[in-house]
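Hello,

Here is the structure I promised to pass on to you. Please open it beside this email and follow along.

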Amino acid sequence: MEKDAAPKMATAEGQARFGQSVKGLLTEKVNTCSVDVIALTKQVLKGSRSSELLGQAARNMVMQEDSILHSEDSLRKMAIITTHLQYQQEAIQKNVRQSSNLQDQLNHLLR
């Protein structure tokens, strides 16, 4: 019977070692998966943050584009006003010349 007991003990001992080995491998795999899940979570959060930053950049760009269009419109209006002011200046200068001529003619008549 002792001969039968030795193989049974060896088998039980082998199974125990195998069980420990499997537990060790499972623990290692669980730890690896945990690390991978944490890394994946960080990456998703980072991607989410990148998406937020891109959205904010797009909103800022639209605001700048509106400002540029408004500025362009203001410059166009200022150019029109400048042209009108030049016409008015020319008319005033013409009137001043005519006024001088009239004054000379009046002085000539009054002498």
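Which residue forms a salt bridge with arginine 76, and how far apart are the closest N and O atoms? The partner is glutamate 72, and those two atoms are 3.1 Å apart. By salt bridge I mean a side-chain nitrogen of Lys or Arg within 4 Å of a carboxyl oxygen of Asp or Glu. Side chains of opposite charge can pair when their charged atoms come close.

Before going on, please note that this is a predicted model: local features need pLDDT of at least 70, side-chain atom pairs count only at pLDDT 80 or more, and totals for chains, interfaces and linings use all residues. Residues are numbered from 1 along each chain as its sequence is written, and side-chain values use heavy atoms, with hydrogens and water left out.

Now the overall picture. The protein has 1 helix and 0 strands; these are DSSP runs, numbered from the N terminus (helices: H or I, at least four residues; strands: E, at least two). Of its 111 residues, 0% are buried. Here buried means under 20% relative accessible area, exposed means over 50%, and partly exposed is in between (1.4 Å probe, protein chains only). Accessible areas come from the Shrake-Rupley method with a 1.4 Å probe, and for residues only the protein chains shown count as cover.

Back to the charged side chains. The whole structure holds 4 salt bridges. Arginine 76 and glutamate 72 are separated by about one helical turn, because they sit 4 residues apart in helix α1. Arginine 76 also pairs with aspartate 73, at 3.8 Å between the closest N and O atoms. Aspartate 73 in turn meets lysine 77 in a salt bridge (3.4 Å, N to O). Shared partners join Glu72, Asp73, Arg76 and Lys77 into one network. Arginine 76 is partly exposed at 46% relative accessible area, as is glutamate 72 at 40%.

Finally, look at the nonpolar patch that Leu106, Leu109 and Leu110 form on the surface, with about 390 Å² of accessible area together. Patches are made of residues with over 30% relative accessible area and no salt bridge; like charges are joined within 9 Å, and nonpolar side chains (Val, Leu, Ile, Met, Phe, Trp, Tyr) within 5 Å. Leucine 109 lies in helix α1 (residues 2–110) and counts as exposed, at 71% relative accessibility.

Best wishes
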